[in-house]
Each structure stands twice: as C-alpha cells, then as structure tokens.
Amino acid sequence: MAKPIGVDFGATGIKVAMTDKTDRKGVTKVTRIGRRPLEDGDVIAGRIQAKKKVATALAAALDDIKAPKGAPLAIAVGGEDVAVTLRMIPAAFKPGEWVEHLRNSKTMAELSPTLRTVDANISVVPLERTANGHVVAVAGISRKLLSDIEAVAAVTKRRIGIIEPSAASLVRSLARPLVHDVAVIADIGHSQTIIACRKGPDLLWVECIPAGGKMITEVLAQQFKMSQEDAAQLKATLHAEDVDDDAFGKYDAHERAVGFMEDDDDEDVWGKANVRDIDPEDAAAQAERDQTKALTARVDELIDDIASIIESRIRDEGAPAPDGVVITGRGGLVPGTVDRMQERLRVPVHGGLPMADIAVNKFSRPYVQRDPSGGSKSYRVPSSTQRDFAVAIGAAQHPQVR
Ligand SMILES: Nc1ncnc2c1ncn2[C@@H]1O[C@H](COP(=O)(O)OP(=O)(O)OP(=O)(O)O)[C@@H](O)[C@H]1O
Ligand SMILES: [Mg+2]
C-alpha cells in the first residue's frame, strides 16, 4: 500500500511530506520532505487564489520527492473556509438526520463566518453517547475550497485520500507528547494564524485570524521605509520585548539634555543644543529602540487577538481552559513571542515542533544545515524547518488514508 503524501498549502509555499513508522516514544520517521515556494497572493489565508500556479508548484514538489505513483494525497487546509467544533445532537435524531439537523441549527453560523453563507461540505464524527444524545465533532469545509482543491489535485493525476483541517494534522504531529490535557495550538503562519484547542487526541474547536508574519513584515517595512526583505530580516533578529528607556543610557542622557533645552525659552541655548552632534551610536540605538517598539506592538496585537479568542471560547461556550499553549508556524519565530504569550495568558507556553525525525537524505538535503561543529557528514534539521513541515507531516500520518 502506497503511503499517503501529506500536503500543506501554505501562503509561502507548498509543503509535502512522507512518513514511515512511529517508534515507541511516539517519534515518526519522516522519509521525504519537499517544498516549492509560492508568490505572495497565490494562497491567502488558506484560500487558493491562483489554481494553476498552485497546481504546478504541487506537481513540482511531488516530483522533487519522487512521490510514488499510487500514493494518495492527504491534504490539510485551514482558514475561514474550514471549521471544527464539538456539538451535542439530541437523541431524537437518527444518524442519517444529523447533518441536516446541524445545517438547520445555528451550528454552521457558529462554525465560521464564511460557512454561514457558503454551501459547505459537512462531516460528523461521533465521539460519545450521553443520556441527552451524541457528542459529535463537526468539521465543515466550504464547497468552493473543496472544488479548488479537487481542481489542483486533478492536475497531479492523484487521488485525494483525505482533506482535513490543518489543526487536526498539527494535533497529530506535535501535540501528542504534551503533558497538558487541554492544549491550545497557535499556528502563526504568513497570512493567517490558526488557533485550535484539543483535549487529548480530540479537536474541540478551531478558529483563525487572517494575520500572521506577513502583517508584521508589512507594517515594519512601511513604518521604517525599508524593503520587505529587510523588514523580514529585522523581525527575525530583533526581540519583541518592553523597551526600557533607561537601558539606553547614552541615548537617554542625550534625550534628557534636549528635554531640558526644550523647557528653556532661551533661543540661543536651544540653538546650541541643535548644533550638538547626535552620536551615530545614539542614533542607531534610537532606531533599534523604535523598531523594537513597533515590532513588539505588532506581536502583542496578534497575541492579544489569539488570547481574546481563547477567552471568549471559555466565557461564551464553556470550553475548557487550556493547561498550556503551543506556538508553531514560522511566523511565531519572532524572538520573544513565547514569553509575551505566556505573560498575557498566564499558562505555560512553548514553541512546538513535530514529533518527527526528518531523515537526512537526498530529499531533505536542501532544507537541512551543516552542523558547523560537526564533521563533513554532520547535518542537522533546523527547528524552523521542522516547524515549516509540521502540518504536512501530521497530514501524512492520517490513519485512515489508504
Ligand atoms: N526566523 C524567523 N523569525 C521570524 N519570522 C520568521 C522566521 N522565519 C520565517 N518567518 C516568517 O514566517 C512566515 C511564514 O510562516 P509559515 O511558513 O508558517 O507560513 P505558511 O505556512 O507558508 O503560511 P500560512 O500558514 O499563513 O498559509 C513569514 O511571514 C516569514 O517572514
Ligand atoms: Mg502554515
């Protein structure tokens, strides 16, 4: 039986992965990984905007990993067109009536604002039978996204084994070893952030925010009049943190001096202060401080949006509060993100990588780095690469794909 190929349609690229056995510690062997970049706008927040380009990129990624002919695709999708939630169906309804009942109830409107208006494909997984009825997991995907995915897959002449919410793939690939019973996973990507809550192996709810790393880069580029590339570099090197003005002793002293002059009405003194050269070191320190403040504000904004969603789920729906939060997605690699999320939510927060051992072979070679301390054959898979493939790896592990 050909192993399925996990596929993630990310905004920055198509990521594909093939997995092999999972060992007793729960670590899955990842045999092949491949990635083909997409241009900004090809996929936005999980929506396929440029079907032909996406299909070409997918076909190329599958060629790159020499995907076996008969291997089906296990596709993970996220965004407004995809939703998951737990619902109770009264015992009066027979299984054949469940979907109709859910459609007619306000469940679909609650699932996602898009699914409210778009004809959606609904699947229902029974989880538990209680005195009142059945607890079911409801997953919905808009017919538009479904048909776009089918069109893209058709070009590759491959069968779709399964399409699932990307959050479900993430639960499979990275949440298993967590000590937390109830965990929230925040996948901070480029064009969107997916927030999912899982209890044990079950996904309880999923929501998304149409903002991620791209928003941060764009704001920095605009504010500091720099290229997108420079802004992206900046957010990876600066640290999102509260800027302590006193920490910039030199600059602070200068600022105090200018402040003193400003209070003085004597034009001559003010003129003299102006003549005083600003130390280039002070100017650089000020620029870094301004950039750090701007970066921190954007990171905090995103964190606050994520926290608000979690809090409203708990408050309005009686969802269980998380024991911990896992941040994944490369947009979440901005230094300081984990600490600030922890301060905001007051539960343990950590970065999450897939429980996967990515084989260093000809397929992974373009994505792994030489370990400078090791010998010529010593390669390592950077954690950013592991994060990059977390969704595709989880999708490839779907147990029902045959
Ligand atoms: N080291 C880093 N530090 C900070 N940000 C980073 C780093 N590496 C990548 N990013 C940012 O992460 C974002 C890409 O994240 P990711 O690869 O998870 O997105 P994606 O899966 O392609 O998109 P999406 O999930 O939104 O569809 C980009 O905005 C990029 O600038
Ligand atoms: Mg992503």
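How many bridges join strand β7 to β9, and how do the two strands run? Before we answer, note that this is a predicted model, in which local features need pLDDT of at least 70, side-chain atom pairs count only at pLDDT 80 or more, and totals for chains, interfaces and linings use all residues. Residues are numbered from 1 along each chain as its sequence is written, chains are lettered from A and ligands numbered from 1 in the order in which they are written, and side-chain values use heavy atoms, with hydrogens and water left out.

Now to the answer: β7 (residues 82–90) and β9 are joined by nine bridges and run antiparallel. Strands here are DSSP runs of E with at least two residues, helices are runs of H or I with at least four, and both are numbered from the N terminus. Two strands pair if DSSP finds at least two bridges between them. Within this pairing, M88 has V135 of β9 as its bridge partner.

Strand β9 has another partner as well. Nine bridges also join it to β8 (residues 120–129), again antiparallel, and here A120 stands opposite S142. A hairpin of three residues leads from β8 to β9. Ten of the ten residues of β9 (residues 133–142) are buried, so the strand is largely enclosed by the rest of the structure. Buried means under 20% relative accessible area, exposed means over 50%, and partly exposed lies in between (1.4 Å probe, protein chains only).

Let's move on to helix α5, residues 143–155. Its 13 residues reach 19 Å from the first C-alpha to the last, close to the 18 Å expected at 1.5 Å a residue; that expected span is 1.5 Å times one less than the number of residues. Which residues of α5 are buried? They are L145, L146, D148, I149, V152 and A153. A154 and V155 are exposed, on the face turned away from the buried side. After the helix comes K157, with a positive phi near 55°.

Finally, look for D388 in helix α13 (residues 383–388). D388 is buried, with a relative accessible area of 7%. Leaving aside neighbours within four places in sequence, D388 is in contact (heavy atoms within 4.5 Å) with D8, K15, R35 and R330. D8 is 380 residues away in sequence, yet the two C-alpha atoms are 9.6 Å apart in space.
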